[in-house]
Amino acid sequence: MAAVFCSLAEPALADFPVQYPVERSVRLHPPPPTSGFTIFPDKPKQVIRGFGFEIQSDSIISGNTGLSSDATSVPHDLVPAERERFYQEMLKGFRYCRLAGGLYWRGLDKEQKNLQGRWPDQAGELRDMLTQAGLEGVSFEYWSPAPFWKANQKFTGGDHSENVLRCFGTNFANDPEYKDDTNRFLADFAKACRQDLETLTTNGIHVSMWGLKNEPPGDNPYSSCVFTPENYSRTFLSVAPQIRELDPKIEILADTAFSWDFKFIRKVLDDPKQANLVDSLVIHQVGADANVVLAIPPEKTGKPRFENEFEYLDGPASPARCLNTVQYIMNWFQIGAAPAWFWIHALKPIGNSEASGYSLGFWRPLSDTNSPDNPKFPGLKPGHWTWNKYNWNAVGSFVRHMPWDCQAVEVQEDGPDNDLRILVFKKPDGKLTVVLSNRSFAPHAFRVATGLPGAKFKGYRYTPDEAGEDCKGKEIGTLAGPVITPLVGDLSWEFWEQQ
């Protein structure tokens with residue numbers, strides 16, 4: 001019987017709050033001392049292509065309250081040695097970098113129709129980061145298109161202005177250029193979106209994924225553009241064919257924001273002639289408890305779904321949140337059949353109020369030379385960065401142990417428990433890895449039938465405060481036989497790798 005929590009309401013299947021409480025609550029029922037799991041190595045599930053992160057490659061005001069003219073960003077702010085350390089120690093192993101169009105990539109041409117670097121070397125900085133960290137490419141998603149295409153003629157919203165595309169504004173009938181011709185407007189907008197990607201590729205920045213709009217209903221004081229479901233689908237049908245024609249290998253995403261029903265793209269998905277324009281569905285369960293993934297409803301169109309932005313909006317990183325992130329990742333891969341997973345930010349500046357919940361690490365801006373040391377980051381020099389261990393230990397453990405293109409395999413749980421989770425996958429070399437995690441308030445013995453009678457497994461243990469050298473975990477010996485029974489401590493997780 002699954003554990004019951006005082007603090008976690010049953011999630012609705014269509015919509016859910018932006019943030020669930022994720023600090024631990026008292027269990028109503030203690031866990032059993034042992035539980036059983038059966039692995040079926042010959043029953044493959046989805047390929048797990050890899051992990052992504054977002055990069056703050058331009059500035060934002062603390063608390064996400066607006067845009068700044070400063071160039072406070074990474075990798076721009078890091079001194080050369082710290083850039084190299086950032087690429088090799090943190091980013092190595094990730095596959096995708098999420099690039100926020102109109103927000104962290106928001107330079108403009110003279111007509112304000114197309115995006116480009118905001119300073120001369122911004123594109124070169126991003127290209128070097130991708131190359132030196134060994135990333136495949138960017139996932140480019142608009143927060144806002146360029147101001148020319150907006151009714152309010154600016155990136156930002158949140159002020160009750162017409163934060164929509166011009167063609168959906170109240171005065172479009174009197175538009176001096178388009179004269180109420182929505183089809184012509186959307187055709188031109190689609191060409192501009194294509195040009196934005198061509199600008200990236202011309203600068204040596206490979207585009208792996210593309211999305212029309214981050215959180216389509218969001219009206220925010222930072223870069224944003226509001227869509228209704230009808231307007232989103234109409235715009236998507238104009239733009240997506242241009243992206244497909246530009247490069248058929250670009251994975252086209254449809255962003256649902258916070259809804260399981262994917263209502264913004266549903267009209268497209270329900271049309272067999274148009275549904276092939278959508279490759280994957282992405283959702284934002286920002287700060288959600290890992291258990292929400294256990295309630296994932298079926299997607300009748302068969303499109304893969306994954307989280308492409310996870311963070312904690314309020315409060316600092318903590319041990320409980322660390323374990324929640326671990327189990328959230330595990331549930332998405334084992335239960336949600338996700339092909340990828342994204343944390344939001346690699347680094348955030350030390351002065352941003354949201355930095356602790358958002359980042360895998362912190363950096364001190366290069367311009368921050370006159371202020372005294374931040375007491376939370378003693379000795380951190382301008383242009384240098386450091387770890388945000390509770391977030392990094394959770395995400396980094398998977399990045400270290402899951403190479404690109406692993407494949408999940410089927411697992412049967414004898415008595416599913418929300419606090420005792422399992423993830424099993426094969427690496428590209430065919431060897432099995434078993435991941436076990438425990439937040440049940442007591443040590444727990446996982447009795448795992450591996451389906452591999454002669455296999456030997458080596459264990460690596462993690463806790464929120466201890467991740468071993470280079471986040472590879474603490475080696476804890478080997479187990480062998482058709483059944484292995486690791487004893488996993490509370491608030492810890494382990495990787496058991498076939499030798």
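The legends below describe close-up views of a predicted model.

**View 1. Helix α2 and its surroundings.** Helix α2, which covers residues 122-133, has twelve residues and reaches 17 Å from its first C-alpha to its last, close to the 16 Å expected at 1.5 Å a residue. Its buried residues are Q122, A123, G124, E125, L126, M129, L130 and A133, and these pack against β2 (50-54), α1 (80-91), β3 (96-101) and β6 (137-142). Just after α2 comes G134, which takes a positive phi of about 75°.

**View 2. The salt bridge between R118 and D58.** In this pair, the closest N and O atoms of R118 and D58 are 2.6 Å apart. R118 counts as partly exposed at 31% relative accessibility, whereas D58 is buried, with a relative accessible area of 0%.

**View 3. The salt bridge between D159 and K154.** The side chains of D159 and K154 meet at 2.6 Å, N to O. D159 is partly exposed, with a relative accessible area of 36%, and K154 is also partly exposed, at 28% relative accessibility.

**View 4. The salt bridge between E494 and R461.** Here the side chains of E494 and R461 meet at 2.8 Å, N to O. The two residues belong to distant parts of the chain, with E494 in strand β22 (residues 492-498) and R461 in strand β18 (residues 456-462), 33 residues apart. E494 is buried, with a relative accessible area of 0%, while R461 is partly exposed, with a relative accessible area of 31%.

How values were computed
Residues are numbered from 1 along each chain as its sequence is written. This is a predicted model: local features need pLDDT of at least 70, side-chain atom pairs count only at pLDDT 80 or more; totals for chains, interfaces and linings use all residues. Side-chain values use heavy atoms; hydrogens and water are left out. Helices (H or I, at least four residues) and strands (E, at least two) are DSSP runs, numbered from the N terminus. The expected span of a helix is 1.5 Å times one less than its number of residues. Buried means under 20% relative accessible area, exposed over 50%, partly exposed in between (1.4 Å probe, protein chains only). Contact means heavy atoms within 4.5 Å. A salt bridge is a side-chain nitrogen of Lys or Arg within 4 Å of a carboxyl oxygen of Asp or Glu.
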